[in-house]
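Please examine the sequence and the structure shown below. The paragraphs that follow lead the reader through them.

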Amino acid sequence: MIATEWLWGFAGGLMIGLAAALFLLINGRIMGASGILGGLIDRTGWATAAERGAFVAGLALLPFLLVQTALPGADTRLTDNPAVIVAAGLLVGVGTRLANGCTSGHGVCGISRLSLRGIVATVFYLLAGGMAVLAFRHLLGVI
Amino acid sequence: MARLVFAFLSGGLFGAGLLVSGMTDTTRVQGWLDVFGDWDPTLAFVLGGAILPMAVAWQVAARRRTALLGSALPERPDPRLGHNLVLGSVLFGMGWGLAGLCPGPAMASLGWGGWGGVLFLAAMAAGMFLAPGVRARVDRLAAA
């Protein structure tokens, strides 16, 4: 049996991959969310700031427009524990910049070109994510 | 100007895909990571769907010298793995599991994520700001 969520997941995944393909073949850039934002924050990507800003603007605005019109009812269902939110945000920010990539850069763009770095990074963040959910949900009951 | 338009459109399509696929729902991401609980395999379909067009794009890129707007295609990064790749991925994975958000969905859901989404994005930005200092310390420790 194939659940409807899986089909939506696959369709959305195709859109994500198409976005990455367009950004590579038209702009000549890797679609990595942490690299695009991180280069603006630590100024290492200052030379391409406008292009990065335009990408981030589209990333934040178009889904918001969809939620306001065709696809209402979206909910991130994020925890309401501010300590967990801050800790998680700091870990994601530091970790993705140390590793030079996240789920989009290492995961989508790296694995699709069979990059060993992308595959190794993905194995480690999947394992660490699984361990975090095991530890903080099932052992400690924090999330 | 064309660069900015296509960057905006790529970002928008990326965000729309994250919304449609359910990846802006933190419980779906945590469900994928929750192997010992109520496991949700959706994320595998998302990643599989995303890799297909991108694998074709890399094949096209290998036959071209430049991107369509004229700039050079990105070179292959240094293939060495290194401690920062592993340590960074472990830290990122821990944060990803804790909140169920990674950088793309954190930005895509900003419009409806409430104060929690804004707080996550601020903490993530702070982490990115601190990362070069952390990297310098880690490199000094690794060299010692």
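**Salt bridges and the meeting of two chains**

Over all chains, a search of the whole structure finds seven salt bridges. The model is a predicted one. Side chains of opposite charge can pair when their charged atoms come close.

One such pair joins Arg29(A) and Glu51(A), with N and O 2.7 Å apart. Glu51(A) is buried because its relative accessible area is 6%, which is under 20%. Arg29(A), at 29%, is partly exposed. Glu51(A) also meets Arg3(B) in a salt bridge of 3.0 Å, N to O.

How many salt bridges does the rule find across the interface of chain B and chain A? The count there is three. Another pair, Asp34(B) and Arg137(A), has its closest N and O atoms 2.9 Å apart. This pair crosses between chains, from the loop between H2 and H3 of chain B to helix H6 (residues 116-139) of chain A. Asp34(B) is buried, with a relative accessible area of 4%, whereas Arg137(A) is partly exposed at 27%.

Within chain B, Arg28(B) forms a salt bridge with Asp40(B) at 2.9 Å between the closest N and O atoms. Arg28(B) lies in helix H2 of chain B and Asp40(B) in the loop between H2 and H3, 12 residues apart. Both Arg28(B) and Asp40(B) are buried.

The interface itself can now be considered. The size of an interface is often given as the accessible area lost when the parts come together. Chain B and chain A bury about 9,200 Å² between them, with 78% of it on carbon and sulfur atoms. In this interface, 102 residues of chain B are in contact with 99 residues of chain A. Between the two chains there are 20 residue pairs in polar contact. On the side of chain B that touches chain A, H1(B) gives the most, with 17 residues. The residues of that side comprise 64 nonpolar, 28 polar and 10 charged.

In soluble globular proteins, nonpolar side chains tend to be buried together. Here the largest nonpolar core has 55 residues, and Met31(A) and Phe14(B) are among those with the most contacts inside it. The residues that Phe14(B) touches include Met31(A), Phe55(A) and Ser104(A). Ser104(A), in helix H5 (residues 103-111) of chain A, is buried at 5% relative accessible area. A polar atom of the Ser104(A) side chain lies 2.9 Å from the backbone nitrogen of Ala33(A).

Conventions:
Residues are numbered from 1 along each chain as its sequence is written. Chains are lettered from A and ligands numbered from 1 in the order in which they are written. This is a predicted model: local features need pLDDT of at least 70, side-chain atom pairs count only at pLDDT 80 or more; totals for chains, interfaces and linings use all residues. Side-chain values use heavy atoms; hydrogens and water are left out. Contact means heavy atoms within 4.5 Å. Buried area is the accessible area (1.4 Å probe) that two parts lose on being put together, summed over both. A salt bridge is a side-chain nitrogen of Lys or Arg within 4 Å of a carboxyl oxygen of Asp or Glu. A polar contact is a pair of N or O atoms within 3.5 Å; within protein, one must be able to donate a hydrogen and the other to accept it, and residues adjacent in sequence count only if both atoms are side-chain atoms. Helices (H or I, at least four residues) and strands (E, at least two) are DSSP runs, numbered from the N terminus. Ala, Val, Leu, Ile, Met, Phe, Trp, Tyr, Cys and Pro count as nonpolar, Asp, Glu, Lys and Arg as charged, and the others, Gly among them, as polar. Buried means under 20% relative accessible area, exposed over 50%, partly exposed in between (1.4 Å probe, protein chains only). A nonpolar core is a set of buried Ala, Val, Leu, Ile, Met, Phe, Trp, Tyr and Cys residues joined through side-chain atoms within 4.5 Å. Lists of a residue's contacts leave out its neighbours within four places in sequence.
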